[in-house]
Amino acid sequence: MVTQAQIDLLRHQEIPQQKLLINGKFKQGEADNLAIISPIDGAVLTHIANATANDVDEAVMAARKSYESGIWAKQSPAARKKILFRIAELIETQALELAVLGVRDNGTEIGMALRAEPGSAAGTFRYYAEALDKINGEVTPTDEAFLGMVLREPLGVVGAIVPWNFPLMIAAWKIAPALAMGNSVVLKPSEQASLSVLKLGEICLQAGLPEGVLNIVTGKGSVVGNAMAHHHDIDAIGFTGSGRVGASLMQAAAQSNLKRLFLELGGKSPNIIFADTKDLIQAAKVSANGIFRNSGEVCVAGSRLLVEESIAEEFTSELIKIAKNFKIGDPLDVTNDIGAVSNQQQLISDIEFVGNATQEGANLLQGGKRILQETGGFYMQPTIFTDVTAEMTIFKNEVFGPILTITPFKDEAHALTLANDSIFGLASAVWTENLSRAHRMIRHIKAGIVYVNTYGGADNSVPMAAAKQSGNGIDKSLHALTTYSQLKTAWIKLS
Ligand code: NAD
């Protein structure tokens, strides 16, 4: 159990100017630096390298050289496994440092950060270390005169571009399976949350990952990410972020080398509460956590609550009670439930959504304001709108903030129509005691994930599946090993 005193020892530690990790060395970038503002108090935390297209080139060359040399790809699976296990161990021994560093950078409440960041990243490295030598090739049933073999090979140089919410966890979802399959990697964290990812780079070197196998380039998405997207020597990119950037990656892939793209994008996930839910108080509590924790900056956040008409009033007042009771503030204070909005731009966008929703006729029942402005940090009240119709922008667009919309439904068919009335298809939830109904909803909701009688959570064994404009990627689970590898067939004529 982590104590406040342990956190306080780390919270003011000076963070040196950050560098790029290229070919096993931390080095200055070619251009200027970017100031990193902490969402806790709005102060400058440190600076990161603002890499250029030339820096990206150098990182890709290092990755290519390491890949072609076989220093990693041709190591035995047992040897690769040992290093991935060692990375997991080192993440665990430095878990608190990693979590505090990440929170100072992106404002996630420390309890959640500890579980979801180092906790989850270590588990992910361990999962793929265990799995990597359980993936077999195939010998196919053929005519006796031939032998048909199917081999699974690495892709080569894999790019990974990750967002600012849960940077360690999401980076691990990509680089652990990519490394497990023998690829070399160029990783680009978000300019809003690079610090813990750079620390992970240090850990990988400490664990014995050969130089050049993992390279980390920080800086602006429009420069670094864009250069990766157009690069002719990156074979595939695993991306998590917005649909807007996902679309630009598709264009860039088409204009460059047709690199493979694995996209995990945004969502506007419906959380459907039927009147026969066994414990409505518990459902309200879990639903509130499912949208308000981490200030709503969770891709699978249950941002569209659909509730059966007969219980809409009762359920809404329970949610308001819970929302009012959340303790919001310094994310490094263990007594707070919700920390800071990750950055000023996001806070401005959240507040704009509140204004637009009100103008469009939604009824603001709770929250809607910036708070704790005197700290200099970026904090926002959990916000609830009722009278939200499917035509409203707040029903359609991803906010990525602590804003919940409530829309009542008449019956199962109506709930399903509302749930599927979205360009997104990331997560969803159904609360009911009726098993047959739960199964019908699982089949008919167009989303990658359907939670039943819960919201959020899952472990490494289940993929982060997505439908419609929420992407095509398959982070997590054994499927990710397929994602980061390619098939080769051999057709052998026997004499
Ligand atoms: P974003 O798309 O703005 O940025 C994501 C990454 O792309 C960052 O590293 C950024 O620097 C980079 N980038 C920006 N412009 C680029 C460009 N032109 N070319 C290449 N790279 C570029 O997203 P964000 O604001 O960091 O994250 C929030 C979004 O991520 C939300 O939409 C959220 O739903 C989504 N998300 C999805 C999942 C999932 O698993 N589906 C998980 C977390 C977040």
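Predicted model: local features only at pLDDT ≥ 70, side-chain atom pairs only at ≥ 80, totals over all residues.
A backbone N or O atom of Val162 lies 2.8 Å from an oxygen atom of the ligand. Asn226 uses its backbone instead: one of its N or O atoms lies 3.4 Å from a ligand nitrogen atom. These pairs count as polar contacts because their N or O atoms lie within 3.5 Å. The ligand alone would expose 840 Å², and the protein buries 90% of that.

Now step back to the site as a whole. The ligand takes up the space of the largest pocket.

Next, the loop between β22 (467-468) and α16 (479-483). Ser470 lies in this loop. Its relative accessible area is 0%, so Ser470 is buried. The side chain of Ser470 reaches the backbone nitrogen of Leu426 at 3.2 Å. Ser477 has its place in the loop between β22 and α16 as well. Ser477 counts as buried because its relative accessibility is 1%, and buried means under 20%. Its backbone deserves a look: phi of Ser477 is near 70°, a positive value in a residue other than glycine.

Leu372 also has a positive phi, near 55°, and is likewise a residue other than glycine. Leu372 sits in the loop between β15 (370-371) and β16 (379-380). Is Leu372 buried or partly exposed? With a relative accessible area of 26%, Leu372 is partly exposed. The value falls between the cut-offs, under 20% for buried and over 50% for exposed.

The last stop is Ile311. This residue is found in the loop between β13 (304-308) and α11 (312-325). Ile311 has a relative accessible area of 8%, so it is buried. How far apart are the C-alpha atoms of Ile311 and Ala429? They are separated by 17 Å, and the two residues are 118 residues apart along the chain.

Terms used: Residues numbered from 1 in each chain as written. Heavy atoms only, no water. Polar contact = N/O pair within 3.5 Å; in protein donor to acceptor, adjacent residues only side chain to side chain. Areas by Shrake-Rupley, 256 points an atom, 1.4 Å probe, with all protein chains shown as cover. 1 Å grid on protein atoms, 1.4 Å probe; cavity = no way out; pocket = protein on both sides within 12 Å on 5 of 7 lines; lining within 4 Å. Sits in = over half its atoms within 2 Å of the grid points. Helix = DSSP H or I, 4+ residues; strand = E, 2+ residues; numbered from the N terminus. Buried < 20%, exposed > 50% of the residue type's maximum accessible area, 1.4 Å probe, protein only.
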